[in-house]
Amino acid sequence: MLAVFSGEVVEVPAELVAAGSRTPSPKTKASELVARFLGTSCPAAVSVRLADLGHLAYSHANQALLRPRSFAAKDEVFCLFEGVLDNLGRLSQQYGLSKGANEVLLVIEAYKALRDRAPYPASLMLAQLAGAYAFVLFDASTNSLLVASGGDVPLFWGVTADGCVAFSDDIDVLKGSCGKSLAPFPQGCFYSNALGGLKCYENPKNKVTAVPANEEEICGATFQVEGATVLTALH
């Protein structure tokens, strides 16, 4: 899956900018990244353009059996989801959804409840999600972005040549467009442009900091939650 957002939506994390400028490496504009994803990486992909603010795309090609990808849009809320929730049934009842509801619809309803109950903490809503997952959610009514990862579903982010921030579950999708500004999105964390950037929902009081990677590594940085084990960068 691929999600790309302009600087109007995402304030580019300074750590990713710094990592990308350490060593010159190839970058492309966001439009080229999306075109490559749709044209060669996943020619059968479904894509949604969010005016000039961003682009969402996904395909079922090569998805893992226990990490299916899904997409839904409801009430101007768009969401890409990958993975499985172990407590989907219970949460569907809690949010008043039918038995046939899937994970991506559940996340949209949970987000809407979070938004409408403000200042209800996002960490409480995300801590309810038991399982392995990653999702990118955009609320077009407020230009709000919420990205989260939990369990063992990989998620990466990086900065394109024109300053957009891209997210993908496949690091190879981003390598040619984001250079060394790549980083694994930290597990147990979320990014929200409306709630102060990158935070840990598993340990809300713990700060998330960037750790510069060695020059030979693909990613220019990793993110560490204070008191947690440092994530291993990819080679």
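The 18 positive and 23 negative charges of the chain have mean positions 3 Å apart. The model behind this value is predicted. This briefing goes from charge to overall build, then to one lysine.

**Overall build**
- The chain holds six helices and 14 strands.
- Its radius of gyration is 17 Å. A compact globule with 235 residues would have a value near 18 Å, so the chain agrees with that expectation.
- Along the principal axes, the C-alpha atoms fill a box of roughly 50 × 40 × 35 Å.

**Contacts along the chain**
- Take the contacts in the chain with a separation of 6 or more: 58% of them come from residues 24 or more positions apart.

**Surface and burial**
- Of the 235 residues, 51% count as buried.
- The accessible surface of the chain is about 10500 Å².
- Carbon and sulfur atoms make up 53% of that accessible surface.

**A closer look at Lys112**
- Where does Lys112 lie? Lys112 sits in helix H4, which covers residues 103–116.
- Is Lys112 buried or exposed? Lys112 counts as buried because its relative accessibility is 12%, and the cut-off for buried is under 20%.
- Which residues is Lys112 in contact with, leaving aside neighbours within four places in sequence? They are Lys74, Asp75 and Val77.

Terms used
Residues numbered from 1 in each chain as written. Predicted model: local features only at pLDDT ≥ 70, side-chain atom pairs only at ≥ 80, totals over all residues. Heavy atoms only, no water. Helix = DSSP H or I, 4+ residues; strand = E, 2+ residues; numbered from the N terminus. Rg over C-alpha atoms; globule rule 2.2 N^0.38 Å. Buried < 20%, exposed > 50% of the residue type's maximum accessible area, 1.4 Å probe, protein only. Contact = heavy atoms within 4.5 Å. Areas by Shrake-Rupley, 256 points an atom, 1.4 Å probe, with all protein chains shown as cover. Lys, Arg positive; Asp, Glu negative; His and termini not counted. Charge placed at Lys NZ, Arg CZ, Asp CG, Glu CD.
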